Structure formats: structure tokens, C-alpha cells
Amino acid sequence: MDQNYMELKRWLDDTRDVPLEAMDAFFDARIGDYEEHMARWKPHYAWLAQLLAEEADRRGGMDTLLDIGCGTGLELDGIFARLPELRVTGVDLAGEMLARLRQKHGHRALTTVQADYFRYDPGENCFDAAVAFETLHHFTAEKKREVFEIIRRSLKPGGVFYECDYIATSQDIEDLVFAEAARRRARDGIAPDTFVHFDTPLTLAHELEALRAAGFSSVELVGFLACDDHTAMIRAVK
């Protein structure tokens, strides 16, 4: 087994008795140090903002953006700096996170929606672009396909979706985390369709397959930053 697998296995063993937490409660309880915790992805936030600005230049402008799992809007800090007139709809389960987002960017053209993004219907052909930053690594390929289909429908023809998330660097890691998630759910009596905070990243191949299965016309790996070979930037076009 590779080093990534062995390190993950040790961490799972060390935390094997920790109870699972509901997704919204997990993030609301950590609002105080959330942004500090997420600071490790600052280069990725900047990269995403750059990519969207380049998309806007190529397209002669960009008016609307859907941000699912937006949290406190760390990705939006850089995006608004480059595209200040952008009209953004941010969707998240955690009310405290959305309140912090409104504190920071309430002067922008920002709409916040407290909702389960698997059940949220933004409508069809509404957005020029969509983003999902470090929010989808808790779900199976089948569940991801559901939200990818919602995103695809919400985009205007030719609209672009950027997903930045970390991936399982081997099939062994993907198998390990899903088996451990199932064990912990059974231990805690949690139904499979209840959202809990436990990371189950897919391999890159399975992530791309789920996007293609959702009907995007073009799906490509943009790449990885040199500082992090676990977090992929993916671009999909309606």
C-alpha cells in the first residue's frame, strides 16, 4: 500500500470511535475557526477566481454564478475581487455559514439559500457558471450524479462548471473510506440518506465518470497545483 493509504488508515483507526455528526451541525459548530481551517486552500481559491475571470474574458462577460456548498464564501472572496458585478446565488445547509457570508458580501449582488443542494431546484438555463469548492467529497458517485444533473440543468447553453475538490489517489483509498463510512453509519444507526460529515472522496476517474454520466458535453481535468496533488480542478461544460 502507498504512503497516503497508510496515513489515512492510521487516522481512521485513531478516530474509529468518534461519533458521526450531522453535516449542518458540524459546520455551524465550527464557524469560529472555519476560515482559519480552510486557509490551506488559499492558492486554490485564487486559482478558481482566475479561471472564472478568464472564462468571462473569453465569453465577453459573465453575469450569473451558482455556488453550491458555499459556506462562508471563501471562494467568493477572490471571485468578487475579479468580477465585482457578478450576481451570485449561494446554497448551503448551514445557516451560520450563510450569515457569515452575508456579513462579508452583503453589499454584492448575492442571494443566499439555506437548503440541501440535492433538493434545491434553481431552474433551467439560469446561470453562466457554477462552482463547487471542497463540498462534494462526502457522497457516492450516484449521489454526485444527482447534483451534477441539477447543476447542468441550471446552466445556460455552453455554461461552465468548475469543481475543486480532493480525490482518492487510489482505488484502495476509495474502497477504504466507503467501507469505514458504512461501518460508522451502522454503528451509530444512521440511515444511508442522512448527511453526515465523513469524507468519502472518489478517484479522479470515478469523479470524471460521474460528471459525464450527468450529461455534460465536455469534462476535463484542468490540473493540480504543485503544492497539493490531492485536490483536483475539473471543468465541465453544458
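How many cavities of 30 Å³ or more does the structure hold? In this predicted model, there is one cavity of 30 Å³ or more.

**Cavity**

The volume of the largest cavity is about 30 Å³. Its lining consists of Leu66, Ile68, Tyr117, Tyr120, Val147, Ile150 and Ile151. Two elements, strand 1 (64-68) and helix 7 (141-154), each give two or more residues to this lining. Helix 7 provides the largest share, with three residues. In terms of class, the lining holds seven nonpolar residues, no polar residues and no charged residues.

**Cysteines**

The count of disulfides in the model is zero. A disulfide requires two cysteine sulfur atoms within 2.5 Å. For Cys126, the closest cysteine sulfur belongs to Cys70 and lies 17 Å away, so the two are too far apart for a bond. As to accessibility, Cys126 is partly exposed at 29% relative accessibility, whereas Cys164 is buried with a relative accessible area of 1%.

**Aromatic side chains**

The model contains 10 aromatic pairs. Two of these pairs involve Phe27 and are listed below.

| Pair | Centre to centre | Angle between planes | Geometry |
|---|---|---|---|
| Phe26 and Phe27 | 5.1 Å | 85 degrees | edge-to-face |
| Phe27 and Tyr34 | 6.0 Å | 85 degrees | edge-to-face |

Why is the pair of Phe27 and Tyr34 classed as edge-to-face? Planes over 60 degrees apart count as edge-to-face, and the planes of Phe27 and Tyr34 are at 85 degrees, so the pair belongs to that class. The partners of Phe27 can also be described by accessibility. Phe26 counts as buried, at 14% relative accessibility, and Tyr34 is buried as well, with a relative accessible area of 12%. Both values fall under the 20% limit that defines a buried residue.

Which residues form an aromatic cluster? Tyr117, Phe118, Phe139 and Phe195 form one such cluster. Tyr117 is also one of the residues that line the largest cavity.

**Charges over rings**

Phe118, a member of the aromatic cluster, has Lys143 over its face, at 4.4 Å from the ring centre.

Methods. Residues are numbered from 1 along each chain as its sequence is written. This is a predicted model: local features need pLDDT of at least 70, side-chain atom pairs count only at pLDDT 80 or more; totals for chains, interfaces and linings use all residues. Side-chain values use heavy atoms; hydrogens and water are left out. On a 1 Å grid over the protein atoms alone, a cavity is a set of points where a 1.4 Å probe fits but cannot get out, and a pocket is an open set with protein on both sides within 12 Å along at least five of seven lines; lining residues have an atom within 4 Å of a point. Grid points are joined across faces, edges and corners, and a volume is the space filled by probe spheres set on the points. Helices (H or I, at least four residues) and strands (E, at least two) are DSSP runs, numbered from the N terminus. Ala, Val, Leu, Ile, Met, Phe, Trp, Tyr, Cys and Pro count as nonpolar, Asp, Glu, Lys and Arg as charged, and the others, Gly among them, as polar. Buried means under 20% relative accessible area, exposed over 50%, partly exposed in between (1.4 Å probe, protein chains only). Rings of Phe, Tyr and Trp (its six-membered ring) pair if their centres lie within 6.5 Å; planes under 30 degrees apart count as stacked, over 60 as edge-to-face and the rest as tilted. A charge sits over a ring if NZ of Lys or CZ of Arg is within 6 Å of the ring centre and within 35 degrees of the ring normal.
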